[in-house]
Amino acid sequence: MKALIERLPKVELHLHIEGTLEPSLMLELAERNQIQLPYQNLKEVQAAYQFTDLQSFLDLYYLGAGVLVTEDDFYTLMLSYLRRAAAENIVHCEVMFDPQTHLLRGIGFEIFMPGFVKAIAEAERLFGVTTYLILCFLRDMSEDSALEALRLAQPFQRHIKAIGLDSAEIGHPPSKFKNAFAQGAQSGYRCVAHAGEEGGPEMIKEALEQLKVERIDHGVQCIQDDELRRDLARRKIPLTVCPLSNVKLRVFPDMESHPLLMLLKEGLNVTVNSDDPAYFGGYLTENFLAAYEALSFDEQQLRQLLDNAIRSSFLPPDHKERLVDQVW
Ligand code: ADE
Ligand code: ZN
(Lines give C-alpha, C1' and ligand atoms only; values in the text may rest on other atoms or scores of the structure.)
(Ligands and ions follow the chains in the order given, each with its own letter.)
Protein backbone atom coordinates (compact mmCIF):
# COMPACT_ATOMS: atom_id res chain seq x y z
CA MET A 1 0.00 0.00 0.00
CA LYS A 2 2.85 2.36 0.85
CA ALA A 3 4.34 1.88 -2.62
CA LEU A 4 0.95 2.44 -4.22
CA ILE A 5 0.37 5.66 -2.27
CA GLU A 6 3.78 6.88 -3.37
CA ARG A 7 3.40 5.83 -6.99
CA LEU A 8 -0.14 6.96 -7.88
CA PRO A 9 -0.67 10.50 -9.25
CA LYS A 10 -1.96 12.83 -6.55
CA VAL A 11 -3.73 16.19 -6.50
CA GLU A 12 -3.38 18.65 -3.59
CA LEU A 13 -6.39 20.94 -3.03
CA HIS A 14 -5.73 22.37 0.42
CA LEU A 15 -2.26 23.74 0.97
CA HIS A 16 -1.22 27.16 2.29
CA ILE A 17 2.04 28.22 0.68
CA GLU A 18 3.00 30.09 3.87
CA GLY A 19 2.50 26.75 5.64
CA THR A 20 5.29 25.16 3.59
CA LEU A 21 7.93 27.41 5.16
CA GLU A 22 10.39 24.87 6.61
CA PRO A 23 12.24 25.92 9.79
CA SER A 24 15.58 25.98 7.94
CA LEU A 25 14.27 28.42 5.29
CA MET A 26 12.55 30.48 8.02
CA LEU A 27 15.88 30.97 9.79
CA GLU A 28 17.79 31.63 6.56
CA LEU A 29 15.33 34.32 5.39
CA ALA A 30 15.13 35.87 8.88
CA GLU A 31 18.87 36.35 8.81
CA ARG A 32 19.00 37.59 5.23
CA ASN A 33 16.13 40.07 5.76
CA GLN A 34 17.22 41.03 9.29
CA ILE A 35 13.94 39.97 10.89
CA GLN A 36 14.10 39.20 14.61
CA LEU A 37 12.59 35.83 15.52
CA PRO A 38 12.27 34.54 19.09
CA TYR A 39 14.31 31.47 18.00
CA GLN A 40 18.07 31.09 17.55
CA ASN A 41 18.29 27.72 15.88
CA LEU A 42 16.40 24.84 14.25
CA LYS A 43 15.87 23.05 17.56
CA GLU A 44 14.19 26.08 19.09
CA VAL A 45 11.90 26.57 16.07
CA GLN A 46 10.93 22.89 16.06
CA ALA A 47 10.30 22.96 19.81
CA ALA A 48 7.75 25.75 19.27
CA TYR A 49 5.65 23.46 17.02
CA GLN A 50 3.43 22.17 19.81
CA PHE A 51 -0.10 23.42 19.27
CA THR A 52 -3.14 23.29 21.51
CA ASP A 53 -5.66 24.62 18.99
CA LEU A 54 -5.96 26.55 15.72
CA GLN A 55 -5.09 29.94 17.27
CA SER A 56 -1.89 28.66 18.89
CA PHE A 57 -0.78 27.51 15.44
CA LEU A 58 -1.86 30.70 13.66
CA ASP A 59 0.21 32.82 16.06
CA LEU A 60 3.36 30.97 15.00
CA TYR A 61 2.34 30.74 11.33
CA TYR A 62 1.90 34.53 11.00
CA LEU A 63 5.16 35.11 12.86
CA GLY A 64 6.94 32.77 10.43
CA ALA A 65 5.39 34.44 7.37
CA GLY A 66 7.04 37.67 8.54
CA VAL A 67 10.42 36.53 7.17
CA LEU A 68 9.08 36.63 3.58
CA VAL A 69 10.07 40.02 2.19
CA THR A 70 11.41 40.00 -1.38
CA GLU A 71 10.04 38.65 -4.66
CA ASP A 72 12.84 36.10 -4.54
CA ASP A 73 11.69 34.88 -1.09
CA PHE A 74 8.22 34.11 -2.46
CA TYR A 75 9.75 32.52 -5.57
CA THR A 76 12.03 30.31 -3.46
CA LEU A 77 9.17 29.30 -1.16
CA MET A 78 6.91 28.31 -4.06
CA LEU A 79 9.59 26.56 -6.11
CA SER A 80 10.85 24.60 -3.08
CA TYR A 81 7.32 23.40 -2.40
CA LEU A 82 6.55 22.47 -6.02
CA ARG A 83 9.86 20.60 -6.39
CA ARG A 84 8.97 18.58 -3.34
CA ALA A 85 5.39 18.06 -4.49
CA ALA A 86 6.50 16.77 -7.90
CA ALA A 87 8.96 14.39 -6.20
CA GLU A 88 6.05 12.72 -4.44
CA ASN A 89 3.99 12.41 -7.65
CA ILE A 90 1.70 15.35 -7.05
CA VAL A 91 0.66 16.24 -10.58
CA HIS A 92 -1.54 19.23 -9.83
CA CYS A 93 -1.96 21.54 -6.84
CA GLU A 94 -4.28 24.37 -5.92
CA VAL A 95 -2.22 26.52 -3.61
CA MET A 96 -3.67 29.06 -1.16
CA PHE A 97 -1.95 32.29 -0.19
CA ASP A 98 -2.84 34.97 2.37
CA PRO A 99 -2.28 38.41 0.78
CA GLN A 100 -3.48 40.38 3.81
CA THR A 101 -0.71 38.86 5.96
CA HIS A 102 1.80 40.43 3.58
CA LEU A 103 -0.11 43.65 2.82
CA LEU A 104 -0.16 44.40 6.56
CA ARG A 105 3.66 44.38 6.48
CA GLY A 106 3.80 46.70 3.46
CA ILE A 107 4.49 43.87 0.99
CA GLY A 108 2.19 44.12 -2.01
CA PHE A 109 0.89 41.96 -4.85
CA GLU A 110 3.62 43.44 -7.09
CA ILE A 111 6.19 41.65 -4.89
CA PHE A 112 4.70 38.25 -4.09
CA MET A 113 2.73 37.61 -7.29
CA PRO A 114 5.71 37.78 -9.71
CA GLY A 115 7.61 35.44 -7.36
CA PHE A 116 4.74 32.93 -7.31
CA VAL A 117 4.08 33.18 -11.06
CA LYS A 118 7.73 32.67 -12.01
CA ALA A 119 8.06 29.62 -9.73
CA ILE A 120 4.81 28.10 -11.01
CA ALA A 121 5.88 28.45 -14.66
CA GLU A 122 9.31 27.03 -13.89
CA ALA A 123 7.87 24.09 -11.96
CA GLU A 124 5.55 23.21 -14.81
CA ARG A 125 8.44 23.32 -17.26
CA LEU A 126 10.94 21.46 -15.06
CA PHE A 127 8.73 18.97 -13.21
CA GLY A 128 5.46 18.88 -15.18
CA VAL A 129 3.34 19.87 -12.17
CA THR A 130 0.43 22.27 -12.80
CA THR A 131 -0.59 24.84 -10.17
CA TYR A 132 -3.55 27.12 -9.59
CA LEU A 133 -3.54 29.90 -6.98
CA ILE A 134 -6.32 30.55 -4.44
CA LEU A 135 -6.39 33.98 -2.81
CA CYS A 136 -7.61 33.56 0.79
CA PHE A 137 -9.25 36.30 2.86
CA LEU A 138 -8.39 36.34 6.57
CA ARG A 139 -11.72 35.91 8.35
CA ASP A 140 -10.51 37.64 11.53
CA MET A 141 -10.13 40.83 9.51
CA SER A 142 -12.97 43.00 8.19
CA GLU A 143 -14.89 42.49 4.99
CA ASP A 144 -13.63 45.89 3.83
CA SER A 145 -10.09 44.60 4.13
CA ALA A 146 -11.05 41.54 2.05
CA LEU A 147 -12.60 43.80 -0.60
CA GLU A 148 -9.42 45.86 -0.66
CA ALA A 149 -7.35 42.68 -1.20
CA LEU A 150 -9.68 41.76 -4.07
CA ARG A 151 -9.22 45.20 -5.61
CA LEU A 152 -5.43 45.00 -5.33
CA ALA A 153 -5.49 41.52 -6.93
CA GLN A 154 -7.19 42.83 -10.07
CA PRO A 155 -4.03 43.37 -12.19
CA PHE A 156 -3.02 39.76 -11.41
CA GLN A 157 -6.41 38.13 -11.80
CA ARG A 158 -5.39 35.95 -14.75
CA HIS A 159 -2.95 34.18 -12.41
CA ILE A 160 -5.51 33.51 -9.64
CA LYS A 161 -8.13 30.79 -10.06
CA ALA A 162 -10.21 31.13 -6.91
CA ILE A 163 -10.89 32.98 -3.68
CA GLY A 164 -11.02 31.32 -0.26
CA LEU A 165 -11.49 32.08 3.43
CA ASP A 166 -9.11 31.07 6.22
CA SER A 167 -7.65 31.99 9.65
CA ALA A 168 -9.50 31.93 13.03
CA GLU A 169 -12.94 30.40 12.51
CA ILE A 170 -14.70 30.83 15.86
CA GLY A 171 -16.52 34.18 16.01
CA HIS A 172 -15.98 34.85 12.29
CA PRO A 173 -18.83 33.21 10.36
CA PRO A 174 -18.84 33.03 6.56
CA SER A 175 -21.79 35.47 6.38
CA LYS A 176 -19.35 38.26 7.29
CA PHE A 177 -17.87 37.92 3.78
CA LYS A 178 -21.03 37.66 1.71
CA ASN A 179 -20.31 40.78 -0.36
CA ALA A 180 -16.64 39.95 -0.94
CA PHE A 181 -17.54 36.47 -2.26
CA ALA A 182 -20.40 37.82 -4.38
CA GLN A 183 -18.03 40.34 -5.93
CA GLY A 184 -15.29 37.74 -6.42
CA ALA A 185 -17.69 35.32 -8.11
CA GLN A 186 -18.98 38.15 -10.30
CA SER A 187 -15.38 38.84 -11.39
CA GLY A 188 -14.92 35.20 -12.42
CA TYR A 189 -13.15 33.63 -9.44
CA ARG A 190 -14.14 30.15 -8.28
CA CYS A 191 -15.03 30.05 -4.56
CA VAL A 192 -13.94 27.87 -1.63
CA ALA A 193 -13.93 28.45 2.15
CA HIS A 194 -12.58 26.90 5.33
CA ALA A 195 -15.59 25.84 7.41
CA GLY A 196 -16.24 23.22 10.06
CA GLU A 197 -12.62 22.86 11.19
CA GLU A 198 -13.09 24.14 14.75
CA GLY A 199 -16.46 25.78 14.12
CA GLY A 200 -19.67 23.75 14.00
CA PRO A 201 -21.79 22.40 11.13
CA GLU A 202 -23.63 25.74 10.83
CA MET A 203 -20.38 27.23 9.47
CA ILE A 204 -20.47 24.69 6.62
CA LYS A 205 -24.13 25.43 5.85
CA GLU A 206 -23.47 29.18 5.85
CA ALA A 207 -20.45 28.89 3.54
CA LEU A 208 -22.56 26.89 1.05
CA GLU A 209 -25.69 29.01 1.29
CA GLN A 210 -24.30 32.51 1.69
CA LEU A 211 -20.90 32.37 -0.02
CA LYS A 212 -22.01 29.81 -2.65
CA VAL A 213 -18.66 28.03 -2.40
CA GLU A 214 -17.97 24.94 -4.52
CA ARG A 215 -15.69 23.25 -1.99
CA ILE A 216 -15.44 23.22 1.79
CA ASP A 217 -11.94 23.22 3.28
CA HIS A 218 -11.85 20.81 6.25
CA GLY A 219 -15.62 20.39 6.83
CA VAL A 220 -14.99 17.57 9.30
CA GLN A 221 -17.46 18.98 11.86
CA CYS A 222 -20.23 17.71 9.60
CA ILE A 223 -19.89 14.61 11.81
CA GLN A 224 -22.17 16.45 14.24
CA ASP A 225 -25.08 16.75 11.80
CA ASP A 226 -26.59 13.69 10.07
CA GLU A 227 -28.83 15.72 7.79
CA LEU A 228 -25.95 17.93 6.64
CA ARG A 229 -23.86 14.85 5.81
CA ARG A 230 -26.69 13.42 3.72
CA ASP A 231 -26.96 16.76 1.91
CA LEU A 232 -23.17 16.96 1.31
CA ALA A 233 -23.18 13.40 -0.06
CA ARG A 234 -26.19 14.02 -2.29
CA ARG A 235 -24.66 17.22 -3.72
CA LYS A 236 -21.15 15.67 -3.93
CA ILE A 237 -19.69 18.76 -2.21
CA PRO A 238 -15.91 18.26 -1.96
CA LEU A 239 -14.41 18.35 1.53
CA THR A 240 -10.66 19.00 1.51
CA VAL A 241 -9.77 17.06 4.64
CA CYS A 242 -6.33 17.41 6.29
CA PRO A 243 -5.69 14.46 8.63
CA LEU A 244 -2.31 15.43 10.16
CA SER A 245 -3.46 19.03 10.63
CA ASN A 246 -6.60 17.89 12.46
CA VAL A 247 -4.61 15.76 14.89
CA LYS A 248 -1.86 18.34 15.39
CA LEU A 249 -4.43 21.10 16.13
CA ARG A 250 -6.40 18.71 18.35
CA VAL A 251 -9.57 18.76 16.31
CA PHE A 252 -9.41 14.97 16.96
CA PRO A 253 -7.38 13.41 19.77
CA ASP A 254 -5.57 10.94 17.50
CA MET A 255 -5.61 9.58 13.94
CA GLU A 256 -7.60 6.52 15.03
CA SER A 257 -10.51 8.87 15.88
CA HIS A 258 -10.35 10.69 12.54
CA PRO A 259 -13.64 10.45 10.57
CA LEU A 260 -12.03 10.39 7.07
CA LEU A 261 -12.92 6.76 6.34
CA MET A 262 -16.36 6.98 7.93
CA LEU A 263 -17.18 9.97 5.70
CA LEU A 264 -15.88 8.17 2.61
CA LYS A 265 -18.01 5.12 3.43
CA GLU A 266 -21.05 7.35 3.84
CA GLY A 267 -20.51 8.50 0.26
CA LEU A 268 -19.15 12.00 0.95
CA ASN A 269 -16.76 13.52 -1.57
CA VAL A 270 -13.72 13.59 0.74
CA THR A 271 -10.13 14.24 -0.35
CA VAL A 272 -6.82 14.05 1.55
CA ASN A 273 -4.64 17.16 1.80
CA SER A 274 -1.79 18.59 3.85
CA ASP A 275 -2.82 22.16 4.91
CA ASP A 276 0.46 23.48 6.43
CA PRO A 277 2.90 20.59 6.00
CA ALA A 278 6.00 22.34 7.40
CA TYR A 279 4.14 22.85 10.69
CA PHE A 280 2.10 19.64 10.94
CA GLY A 281 4.75 16.99 10.38
CA GLY A 282 4.05 15.80 6.88
CA TYR A 283 3.37 16.51 3.23
CA LEU A 284 0.66 14.82 1.16
CA THR A 285 2.13 11.32 1.00
CA GLU A 286 2.66 11.38 4.77
CA ASN A 287 -0.98 12.39 5.27
CA PHE A 288 -2.09 9.37 3.23
CA LEU A 289 0.33 7.09 5.08
CA ALA A 290 -0.68 8.32 8.55
CA ALA A 291 -4.38 7.95 7.70
CA TYR A 292 -3.77 4.49 6.21
CA GLU A 293 -1.82 3.26 9.23
CA ALA A 294 -4.55 4.34 11.65
CA LEU A 295 -7.68 3.68 9.59
CA SER A 296 -6.49 1.07 7.05
CA PHE A 297 -8.54 1.98 4.01
CA ASP A 298 -8.25 -0.50 1.12
CA GLU A 299 -6.88 -0.04 -2.39
CA GLN A 300 -10.27 0.77 -3.86
CA GLN A 301 -10.82 3.45 -1.21
CA LEU A 302 -7.37 4.94 -1.85
CA ARG A 303 -8.15 5.23 -5.56
CA GLN A 304 -11.52 6.77 -4.70
CA LEU A 305 -9.83 9.45 -2.55
CA LEU A 306 -7.46 10.28 -5.43
CA ASP A 307 -10.29 10.25 -7.96
CA ASN A 308 -12.33 12.60 -5.72
CA ALA A 309 -9.46 15.10 -5.58
CA ILE A 310 -8.98 15.13 -9.36
CA ARG A 311 -12.70 15.57 -10.02
CA SER A 312 -12.98 18.27 -7.30
CA SER A 313 -10.12 20.31 -8.74
CA PHE A 314 -10.64 23.34 -10.98
CA LEU A 315 -8.84 21.67 -13.91
CA PRO A 316 -10.64 21.55 -17.28
CA PRO A 317 -12.73 18.38 -17.87
CA ASP A 318 -10.37 16.77 -20.43
CA HIS A 319 -7.37 17.19 -18.12
CA LYS A 320 -9.36 15.64 -15.24
CA GLU A 321 -10.29 12.64 -17.38
CA ARG A 322 -6.65 12.03 -18.34
CA LEU A 323 -5.65 12.05 -14.66
CA VAL A 324 -8.58 9.87 -13.53
CA ASP A 325 -7.52 7.26 -16.12
CA GLN A 326 -4.09 7.07 -14.46
CA VAL A 327 -5.60 6.40 -11.03
CA TRP A 328 -7.72 3.32 -11.85
N1 ADE B 1 -4.37 29.17 7.70
C2 ADE B 1 -3.42 28.26 7.50
N3 ADE B 1 -3.82 27.06 7.91
C4 ADE B 1 -5.09 27.20 8.38
C5 ADE B 1 -6.05 26.33 8.94
N6 ADE B 1 -5.82 25.04 9.12
N7 ADE B 1 -7.23 26.85 9.33
C8 ADE B 1 -7.47 28.14 9.17
N9 ADE B 1 -6.61 28.99 8.65
C10 ADE B 1 -5.42 28.54 8.25
ZN1 ZN C 1 -6.21 25.40 5.72
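This is a predicted model: local features need pLDDT of at least 70, side-chain atom pairs count only at pLDDT 80 or more; totals for chains, interfaces and linings use all residues.
Reader: What makes the lining of the largest pocket divide into nonpolar, polar and charged residues as it does?

Author: The lining consists of Leu-27, Ala-30, Glu-31, Gln-34, Ile-35, Gln-36, Leu-37, Tyr-39 and Gln-40. With Tyr placed among the nonpolar residues, the division is five nonpolar, three polar and one charged. The space in this pocket is about 160 Å³.

Reader: Why is the space taken by ligand 1 called a cavity?

Author: A cavity is a set of points where a 1.4 Å probe fits but cannot get out, tested on the protein atoms alone. The space taken by ligand 1 is the largest cavity, with a volume of about 100 Å³. The count is one cavity of 30 Å³ or more.

Reader: Which residues line that cavity?

Author: The largest cavity has 16 lining residues, and His-16, Leu-54, Phe-57, Leu-58 and His-194 lie nearest its centre. Helix 4 gives the largest share of this lining, five residues. By class the lining has six nonpolar, five polar and five charged residues.

Reader: What makes a residue part of the shell around ligand 1?

Author: One of its heavy atoms must lie within 4 Å of the ligand. The residues around ligand 1 include His-16, Tyr-61, Asp-166, Glu-197 and Asp-276. Helix 4, residues 54-65, supplies four residues, the largest share of the shell. The shell divides into four nonpolar, four polar and four charged residues.

Reader: How do you know that ligand 1 has polar contacts with Ser-167, His-218 and Asp-275?

Author: The cut-off is 3.5 Å between N or O atoms. A ligand nitrogen is 2.7 Å from an N or O atom in the Asp-275 side chain, and a ligand nitrogen is 2.8 Å from a polar backbone atom of Ser-167. For His-218, a polar side-chain atom is 3.4 Å from a nitrogen of ligand 1. Each of these distances is within 3.5 Å, so each pair is a polar contact.

Reader: How much of ligand 1 does the protein bury?

Author: Ligand 1 alone exposes 260 Å², and the protein buries 100% of that.

Key. Residues are numbered from 1 along each chain as its sequence is written. Chains are lettered from A and ligands numbered from 1 in the order in which they are written. Side-chain values use heavy atoms; hydrogens and water are left out. A polar contact is a pair of N or O atoms within 3.5 Å; within protein, one must be able to donate a hydrogen and the other to accept it, and residues adjacent in sequence count only if both atoms are side-chain atoms. Accessible areas come from the Shrake-Rupley method with a 1.4 Å probe; for residues, only the protein chains shown count as cover. On a 1 Å grid over the protein atoms alone, a cavity is a set of points where a 1.4 Å probe fits but cannot get out, and a pocket is an open set with protein on both sides within 12 Å along at least five of seven lines; lining residues have an atom within 4 Å of a point. A molecule sits in a cavity or pocket if more than half of its atoms lie within 2 Å of its grid points. Helices (H or I, at least four residues) and strands (E, at least two) are DSSP runs, numbered from the N terminus. Grid points are joined across faces, edges and corners, and a volume is the space filled by probe spheres set on the points.
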